Amino acid sequence: MYVTSLKLYDEGEWKTRKHSKDKRRIWRKLHLTVDVFTHKAIAAGVSLVSVDANKVLPILLNPLRRKIQQVSADGAYDTKACNHVLKNKGITLSIPP
């Protein structure tokens, strides 16, 4: 399983970049879990930009009923809290350098 986040821009952000006008921006993060064998998204969540990845990881993993052996994630998930959650579930964390 691979876990990552994606920052989404709203219309105001696009207009600011195109027309150089300062406007209040609203950002969201999309957290995805993808099965590496089937390439299907198995869980997803949207959060505010201020929410850390270590708070979203348990929310993504808890409802899953499948056996997960390894989680590959980006550096945002390299925290003690994420490592603790995965260790309790018997899951190996793999973060590329």
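Reader: What makes up the accessible surface of the protein chain?
Author: The total is about 6,900 Å², and carbon and sulfur atoms hold 54% of that. Such areas come from the Shrake-Rupley method with a 1.4 Å probe. This is a predicted model: local features need pLDDT of at least 70, side-chain atom pairs count only at pLDDT 80 or more, and totals for chains, interfaces and linings use all residues. Residues are numbered from 1 along each chain as its sequence is written, and side-chain values use heavy atoms, with hydrogens and water left out.

Reader: How many helices and strands does the protein chain have?
Author: Three helices and five strands. Both are DSSP runs, numbered from the N terminus: helices are H or I of at least four residues, strands E of at least two.

Reader: Why are S2 and S3 called paired?
Author: Pairing takes at least two bridges found by DSSP. S2 (residues 28–34) and S3 (residues 41–48) have seven, so they pair. They run antiparallel. His 31 faces Gly 45 in S3. Six residues lie between the two strands of this hairpin, and His 39 in the turn has a positive phi of about 60 degrees.

Reader: What makes a set of residues a nonpolar core?
Author: Its members are buried (under 20% relative accessible area, 1.4 Å probe, protein chains only). They are Ala, Val, Leu, Ile, Met, Phe, Trp, Tyr or Cys, joined through side-chain atoms within 4.5 Å. The largest such core here has 14 residues, including Leu 57 and Leu 86. H2 gives the most, with five residues.

Technical notes: Buried means under 20% relative accessible area, exposed over 50%, partly exposed in between (1.4 Å probe, protein chains only).
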